[in-house]
Amino acid sequence: MTQEVRSRSPLLPDRRAAPDFFSCDILDAAPKGDMASMEHPIFSLSTKPDHRTRRYEHGSVFIEIAPSAQGLATVHDRDILIYCISQLMASLNDGKPLSSVVRFKAHDLLRATNRVTSGEGYTALKAALERLRGTQISTNIVTGGTETFEVFGLIERAKVVRETREGRMQEVEIKLSDWVFNAIQSQEVLTLHRDYFRLRKPLERRMYELARKHCGKQQEWKISLQRLQHKCGSCSTEKEFRRLVSNIVEEDQKFGHMPDYSVMLDDSDIVTFRSRGSVPSPELPFEQIPLRGLDPEVYNHARSVAPGWDVYFLEREWREWLTEPPRDPEAAFIGFCKKRAERSPHP
């Protein structure tokens with residue numbers, strides 16, 4: 001191994017053109033993932049077609065993942081869902097109506113998720129859509145406060161709306177599964193670091209997801225290597241999994257490349273994730289939310305869309321829920337009040 005290779009960062013090069021992370025409809029949408037698939041090993045870590053049916057159980061919760069002829073959806077395929085969730089959450093923050101059908105330019109998604117925009121990137125995107133549509137989930141996981149037994153695909157359908165003369169995708173339309181859309185409507189999502197898309201290894205991405213879900217803004221989170229392997233959904237032997245995690249730990253100690261959390265492995269096979277203090281807080285004190293004051297007339301509008309509710313209580317709840325300032329605070333607040341009243345008509 002040459003000195004140049006040994007000193008190279010584990011992260012992929014940043015292919016995004018700053019500052020417009022998403023250049024579709026929302027220019028500054030932060031990447032977000034749904035908590036259910038961050039908690040459970042839904043996506044395959046394999047870089048080759050994975051045709052194994054897998055079942056995981058934890059307490060009363062179970063999940064079974066069955067592949068299509070194209071194989072299971074992979075951790076990298078998940079980028080497409082993250083992109084869609086991010087767009088919808090940004091719209092929700094701005095008080096806009098939501099739809100489970102998301103349309104976007106293929107080029108924008110490739111740029112936003114740090115993928116190559118050559119023909120190879122478009123081919124890989126088509127294959128990812130096929131795996132997402134074909135992978136079948138059977139589960140009783142709760143999303144949106146409801147527990148049901150469901151069998152579904154990660155997306156219901158996908159189609160190319162327009163193509164260039166060369167046959168490359170130009171616009172893509174995806175209909176999300178109700179399971180994913182319910183998680184968005186109930187705000188069961190977490191903001192991800194933008195460097196998530198620069199992590200090369202599927203296992204690195206999966207470890208980051210688990211740390212983001214379980215460590216959050218805590219100082220640290222510990223988990224046994226055996227339990228981590230189960231939650232990652234790794235099919236490696238115990239010895240091989242230890243080697244893979246050890247390599248990631250070694251690289252993180254050298255480069256500090258893991259987003260938001262450092263990772264360590266001790267001699268007793270305990271993996272420790274420690275916060276780097278970079279996770280955004282969704283619970284800033286009321287007076288510290290970086291928003292201008294609302295127009296007085298907006299409170300009358302809020303009372304009409306959420307009758308019986310204390311609009312000042314709703315405003316505090318809304319501000320604590322926000323993870324980033326909306327571009328139109330009045331419209332965003334009214335949209336929040338409507339959704340709150342629809343879920344709970346009587347305060």
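First, terms: on a 1 Å grid over the protein atoms alone, a pocket is an open set of points with protein on both sides within 12 Å along at least five of seven lines, and lining residues have an atom within 4 Å of a point. This is a predicted model, where local features need pLDDT of at least 70, side-chain atom pairs count only at pLDDT 80 or more, and totals for chains, interfaces and linings use all residues. Residues are numbered from 1 along each chain as its sequence is written, and side-chain values use heavy atoms, without hydrogens and water.

Now the largest pocket. Its lining has 32 residues. H76, D77, R115, A124 and R131 lie nearest the centre. Helix α5 (119-134) gives the most to that lining, with 6 residues. Helices here are DSSP runs of H or I, at least four residues, and strands are runs of E, at least two, numbered from the N terminus.

Next, cavities: sets of points where a 1.4 Å probe fits but cannot get out. Which residues line the second largest cavity? They are L92, Q187, W321, G335, F336 and K339. Helix α12 (residues 329-343) supplies 3 residues, the largest share. The largest cavity takes at least two lining residues each from β2 (54-58), β3 (61-66) and α8.

Last, the helix pair. L203, R206, M207, L210 and H214 in α7 meet L228, K231 and C232 in α8. Contact means heavy atoms within 4.5 Å. K231 also lines the largest cavity.
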